[in-house]
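Here is a friendly walk through the inside of a model and then its overall build. Have the viewer open as you read.

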Amino acid sequence: MIYYCNMKICLLFAGLFCFQLLQAQSPALIPGDFADPSIVKTGNGYYAVGTSSEWAPHFPIYQSADLKNWKQVGFVFDKAPEWTSGSFWAPEYYFHNNTYYVYYTARRKSDGISCIGVATSKNPDRGFTDHGVVVSYGKEAIDAFVYNDNGQLYMTFKAYGLDKRPIEILGSKLSADGLKMEGEVFSLLKDDNRMGMEGQSILKKGNYYYLFYSSGGCCGSGCSYHVRVARSTNIKGPYEDYGQNPVLDANEAWKCPGHGTFVEDKMYIYHAYNKKSNVFTGREGMMAELVWKEDAWPSLVSRPVANSAAGNIKGLTPFWQWDFRNSTPVVSRSKKMLYLSGTSKEGNNTGIVLTVRPVRDDFDVMTTVTNWNAALKGLAFYGDAHAAVGIGVINDKVEFWMVKENVRTVLGTQAVKPGVPVQLKLTMHADRTCEVAYRQGGSAWQAVAPGVKQDIGFLPQWDRSPRPGLHFKGPENLKAAFSSFELVNR
């Protein structure tokens, strides 16, 4: 059975492979790269959705019964909507008229402009139907947020490229069915100080509308994100900025918090970078408590969470993702084997990688290759098609390779005995280096390039963390055969 680019790829390892996570020390609500989270409460618990950027399937969905223990249950889109080309950011959950809405940012295929689209379903975790673009404004419209003000829906969003005006948070009435804007667009808040302004959400308490928003640089090692608040007696403004901003900023363990939404008007779900692992685990899902002060202004207090992923979990089927812009994986399986092949975009020097999200910056990832051909079959640590490292079996040798700035280099090779399955291991160290090793027939691990600890600081991309996974590079008529996959966090 063969599946092309849909969520069933994520289920193919059930009963076959051991996928281990060791993250007992992680205080994140949802560990690993889960930026711009949005949350909705249902009759049987909570659902959260986050940015997927350039990974497919698009917009991962997590479920929890208690706001502490979370598990991934699917994706909003198995296949990218026809109007989109990439940059799948900032989804916004909303429940209205017995329907679940996900408003999301994506880049429009026809002109490369980021717009806001919407998809709906009668279920919070599956069956979403796309309805196309809801907001196209200026040179970019992103970060949707929907607010119901006494029965009138409003859409708010960030826009820039509006002539010579600064970045603004704009708003508009939304139709009763939630599928189109109505009336004139109005400005809630302008970025007159050029600090950055996005990721907004609104609460009402007493006579005031409180507009929470993120400011500063969102992403990468040089980020400066933090959360601010302003208030007004009218949803359209004018808004008064809080004199004691920011209300959420870096602490001893986490930096660049921001882009969150509220659940039950008391808990704020947002993202932040772990100061230790930094961009290698991406912007992780976090939670803060909303506390009101005597002066009627709010504050946000971070709450570490002991989540369900803590401990050593075996037999967990991962939800695999891949770079849909640069590769099209083809996956099939037998009772004890997974086969990977497919096609890569011209100019892709890395090949196809089925990835999982790392939750630590020190881990071992291992697999067993059981077939022999002229394709490269093994493991990769993937940032993008132009930034990756890996180890694989090709013909009768093991190869340690790197793609940096789109130039492919072989770092070392070792001969192996044909016909005997080869176990491969890629180790990431917390000093941002990696090593690779192999073994056959139960022998000890051997280095492919003895003494080489390869710097991998070039792997992270601006808006997403690199990811380890299974790798194939070769003609489409060949394939890789794997009998195991294991990720062990140290």
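## The largest cavity

The largest cavity has a volume of about 60 Å³, where a volume is the space filled by probe spheres set on grid points joined across faces, edges and corners. A cavity here is a set of points on a 1 Å grid over the protein atoms alone where a 1.4 Å probe fits but cannot get out, and lining residues have an atom within 4 Å of a point. By this rule there are 4 cavities of 30 Å³ or more.

This is a predicted model: local features need pLDDT of at least 70, side-chain atom pairs count only at pLDDT 80 or more, and totals for chains, interfaces and linings use all residues. Residues are numbered from 1 along each chain as its sequence is written, and side-chain values use heavy atoms, with hydrogens and water left out.

## What lines it

Lining the largest cavity are 14 residues, with Pro91, Glu92, Ala144, His259 and Thr261 nearest its centre. At least two lining residues come from each of β8 (84-96), β12 (140-149), β16 (198-205) and β20 (254-263). By class, the lining holds 5 nonpolar, 6 polar and 3 charged residues (nonpolar: Ala, Val, Leu, Ile, Met, Phe, Trp, Tyr, Cys and Pro; charged: Asp, Glu, Lys and Arg; polar: the others, Gly among them).

## The whole protein

The protein has 39 strands and 0 helices (DSSP runs numbered from the N terminus: E of at least two residues for strands, H or I of at least four for helices). Its C-alpha trace spans about 75 × 45 × 45 Å along the principal axes. Of the 490 residues, 61% count as buried, meaning under 20% relative accessible area with a 1.4 Å probe, protein chains only.

How values were computed:
1 Å grid on protein atoms, 1.4 Å probe; cavity = no way out; pocket = protein on both sides within 12 Å on 5 of 7 lines; lining within 4 Å. Buried < 20%, exposed > 50% of the residue type's maximum accessible area, 1.4 Å probe, protein only.
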